[in-house]
Amino acid sequence: MSASVVTAAEAQAKIRWATDRFSAVLGAAAETAWQYRPPGGAWSMSEVTEHVAGANKGVLSVLSKRLSPLDGPLALEDDEIPFLFYGGTEPPPAQPLTGAFADRAAACEALDASAQRVMEWAGNTDLDLRSYGCVHPVFGLMDGVQWLLFLYAHTERHRAELLDLERLS
């Protein structure tokens, strides 16, 4: 079986789709769900949103500053990326949460803007994102398109977390 290969434009569309789905859950959630703080230190909806927006910002930094010509085999096939989080292992957040996303409308806007900046960068770069990449600290060497697919999968993974929070609140 051969693995499918996703283009940069298709990866950008996946990020848009996942961000829209994430935002739809936020917009439809009851105020009690938005305010709900799970026991045991689990994240609230605002913290999950801050985390996803922060990850978008962090990956944009990686893409714009650290990509270099590929010098080895990729660690993953494109088809594997949506399943990275199924094992429950997730890299720790690159930056601590600040609580800055208390206002739901502002949180949605910040999330959307962070995804939009990534998509604009990917759409405007002259780099062949299949020929450039860098090592993810947990998942290994990924090319530029796979980094975009990572953001799509990451957003979808945390959308599921929002749905759980809504159910529990």
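1. Let me start with Arg 21: its relative accessibility is 27%, so it counts as partly exposed. Keep in mind that this is a predicted model. The side chain of Arg 21 forms a salt bridge with that of Glu 156, at 3.0 Å from N to O. Arg 21 belongs to helix α1 and Glu 156 to helix α5, so the bridge ties together parts 135 residues apart in sequence. Glu 156, at 17% relative accessibility, counts as buried.

2. Have a look at Arg 159 next, which is also in α5 (residues 144-168). Leaving aside neighbours within four places in sequence, Arg 159 touches Arg 21, Phe 22 and Val 25.

3. Arg 157 is partly exposed at 32% relative accessibility, whereas Glu 161 is buried at 17%.

4. Another pair worth a click is Asp 143 with Arg 130, whose side chains meet in a salt bridge at 2.7 Å, N to O. This one links distant parts of the chain, 13 residues apart: Asp 143 is in strand β3 (residues 140-143), and Arg 130 is in the loop between α4 and β2 (132-136). Asp 143 is buried, with a relative accessible area of 1%, while Arg 130 is partly exposed at 25%. The salt-bridge count comes to nine.

5. On to helix packing. Helices α3 (residues 45-65) and α4 (residues 104-124) pack at about 20 degrees, with axes 9 Å apart. That makes the two roughly parallel. Their crossing is left-handed. Among the residues making the contact are Val 52, Asn 56 and Leu 60 of α3, and Leu 111, Val 118 and Trp 121 of α4.

6. How do α1 (residues 8-28) and α4 cross? Their axes come within 10 Å and cross at roughly 180 degrees, which makes α1 roughly antiparallel to α4. The contact includes Ile 15, Phe 22 and Leu 26 of α1, and Cys 108, Leu 111 and Met 119 of α4.

7. Last, Gln 95 sits in the loop between β1 (68-69) and α4. At 35% relative accessibility, Gln 95 is partly exposed. Leaving aside neighbours within four places in sequence, it contacts Gly 54 and Ala 55.

How values were computed:
Residues numbered from 1 in each chain as written. Predicted model: local features only at pLDDT ≥ 70, side-chain atom pairs only at ≥ 80, totals over all residues. Heavy atoms only, no water. Helix = DSSP H or I, 4+ residues; strand = E, 2+ residues; numbered from the N terminus. Contact = heavy atoms within 4.5 Å. Axes fitted to C-alpha atoms, helices over the stretch in contact; angles between N-to-C directions. Parallel < 35°, antiparallel > 145°, perpendicular 65-115°, else oblique. Left-handed = near helix turned anticlockwise from the far one by under 90°. Buried < 20%, exposed > 50% of the residue type's maximum accessible area, 1.4 Å probe, protein only. Salt bridge = Lys/Arg side-chain N within 4 Å of Asp/Glu carboxyl O.
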